[in-house]
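Here are my notes on the model you sent, as numbered points.

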Amino acid sequence: MATVKKALCGAAVAGLVAGTASVVGTQAGLSALTAEWMLAAEHVLLFGTDGTNLDKILEHAYNDDSGFKMLMDRGVTGATSIIGHQTMSTPSWSTILTGVWDDKHGVVSNVYRPEPYTTWPSVFNLIEYHKPEIDTTVISGRGLFTEMASTGGYPADNIIGITGGSTSAETDALVTEETISRILATTTNPNIDTFMFAYQSQVDQAGHSFSGGSQEYAQAVINVGANFKQILEAVAQAEAATGDKWTIIAVTDHGHQQTVTLPGFSLGHGFQSPNETSSFVMFSLAGNEAQAGGQNLNYSIADITPTILQVFGIPMRSDFDGVPMQTDPDILNSFIMPVDLKASLTDAINSYGYPNLGIELMLGLRALAGGAGFFLESYFLPPILNYLQTIVDQDIFLVSDLAQGAQWMLKSVGGVVADVATDLGRAIGYLTGAGVIAPNDAPLPLPGGAEFTVPDLGDSELPSLLDVDALVG
């Protein structure tokens, strides 16, 4: 079975390399002639850390105790920017996990709704539809990802919502523990390819509470780096045990403002300052050890999903905004091996500025409108309701009854107001360009409705290796 899988992948690779060999062949360290690097990955790990500025990684976690440094030494790092796009979590993670920007997926707030991911399938859906034999796993303490992985008719195989932990750091530790367990479990099933997404939230939480320039933020970056190191050590253990190769990608969705807005609260992100639009991609492609420690400033967060799909030999959508980082000519030609990676990345980070005033005002309006409903639902109503609950719990004559009535009214009226604000935010988002581009590709068919067809193998040698009629007869 493993031999057949490799032969099928080999036929797909032959076509890809035929189209890019002249370009790929100029890149130091890429095995373009044999395309071994495109056959090497049997497992892919996507590590997401929310709201994490690369300059803070370089300042506080560029050392041997950090998984960030380990991955930068193992792969290629890009200091990127999402300038011109919303610096909010759900819009950015939607781009990372669908391969299209907000002008297509239309997500403008952190209020979850499934429709964008049925129109623009997530990486989980695309893997499960095209290659259901791949074991897909999502590990997160944030409901966005467990919801997204459940949406679209082709859910991930393992959707693990982490509910323990009294702080975001404790939740991240539990995510790390579960991720390590899942990685090591692959050693008992060496013939099953896997895709895992593991998410860490504490850096973003520290940014909102204390700002991106705080010691608490720095400590959260250090903590996540330590968690990531444990995960990478588990990957190394699994690779040594099975000989399988892992492709590893680390990414963040946005950056953070560096100053406190109010005591105990920072607005954090949502606008277009360079600190907020800051992002990064760290990419270790299995079989591409020769480029370890390099830099590429042409990476984009929209490239993540196309890259993962190509690693597994899954066809690209025609309307992706991102491209596969391992084969796109523009990206391959942007690779450099700097003398001092830290200094080179710092220079790149410092080169990013603001968009033009029109885009900045448009996205500022979209952020305010899109975030209003979420703010009411998540930050304004809960503390008031919790305070009223403390009065209800005291069972004070008449006062507790009044508090309970006020609770009911706030839940009813406040919920309606939040919904209206969310709908208004979507409308303003559309008027400012979010979700205005329709997909070129048809939606994925409903489960059970797809017909099996033998792929057109062209002039590849695969038909001589397999009796196709016997396979499908």
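1. In which helix does L54 lie? The model is a predicted one, and in it L54 belongs to helix α3, which covers residues 54-60. L54 counts as buried because its relative accessibility is 0%, against a cut-off of under 20% for that label. Leaving out residues up to four places away in sequence, L54 touches G78, A79, S278, F280, M282, L345 and I349. For one of these, S278, the C-alpha atom is 7.4 Å from that of L54, although 224 residues separate the two along the chain.

2. Some totals for the chain. It has 20 helices and 9 strands. Of its 473 residues, 50% are buried. Among contacts with a separation of 6 or more, 75% are between residues 24 or more positions apart. The accessible surface comes to about 20400 Å², and carbon and sulfur atoms account for 58% of that area.

3. Next, a helix pair. Two packed helices are described by the angle between their axes and the distance between the axes. For helix α4 (residues 67-74) and helix α12 (residues 215-242), the axes come within 6 Å and cross at roughly 50°. This angle makes α4 oblique to α12. On the α4 side the contact is made by G67, F68, M70, L71 and R74. On the α12 side it is made by V221, V224, G225, F228, K229, L232, E233, V235 and E239. Sorted by class, the contact has 8 nonpolar, 2 polar and 4 charged residues.

4. Aromatic pairs. How many aromatic pairs does the count come to? The count is 13. In one of them, the ring centres of F47 and F228 are 4.0 Å apart and the planes are at 10°, so the pair is stacked. F47 is buried, at 0% relative accessibility. F228 is likewise buried, with a relative accessibility of 0%. F228 is also one of the α12 residues in the contact with α4. Elsewhere, ring pairs join W93, F124, F145, F195, F197 and Y199 into a cluster.

5. Helix α8 (residues 123-130) is mostly covered, with 6 of its 8 residues buried. These are V123, F124, N125, L126, I127 and E128. F124 is also a member of the ring cluster. The buried residues of α8 pack against the helices α5 (89-98), α7 (115-119), α9 (143-150) and α14 (304-311), and against the strands β3 (135-140) and β5 (194-200).

6. Helix α14 is mostly covered as well: 8 of its 8 residues are buried. They are I304, T305, P306, T307, I308, L309, Q310 and V311. Just after α14, G313 takes a positive phi of about 75°.

7. Backbone angles to check. Most residues other than glycine have a negative phi, and most peptide bonds are trans. S211 is not a glycine, yet its phi is positive, at about 95°. S211 sits in the loop between α11 and α12, and it is buried, with a relative accessible area of 3%. D395, also a residue other than glycine, has a positive phi near 55°. D395 is in the loop between α17 (357-394) and α18 (399-431). Is D395 buried or exposed? D395 counts as exposed, at 65% relative accessibility.

8. Q202 counts as buried because its relative accessibility is 4%. Which residues is Q202 in contact with, leaving aside its neighbours within four places in sequence? The list is S168, A169, D172, A220, N223, V224 and N227. Of these, V224 also takes part in the contact of α12 with α4.

Key:
Residues numbered from 1 in each chain as written. Predicted model: local features only at pLDDT ≥ 70, side-chain atom pairs only at ≥ 80, totals over all residues. Heavy atoms only, no water. Helix = DSSP H or I, 4+ residues; strand = E, 2+ residues; numbered from the N terminus. Buried < 20%, exposed > 50% of the residue type's maximum accessible area, 1.4 Å probe, protein only. Contact = heavy atoms within 4.5 Å. Areas by Shrake-Rupley, 256 points an atom, 1.4 Å probe, with all protein chains shown as cover. Axes fitted to C-alpha atoms, helices over the stretch in contact; angles between N-to-C directions. Parallel < 35°, antiparallel > 145°, perpendicular 65-115°, else oblique. Nonpolar A, V, L, I, M, F, W, Y, C, P; charged D, E, K, R; others polar. Phe/Tyr/Trp six-rings, centres within 6.5 Å; stacked < 30°, edge-to-face > 60°.
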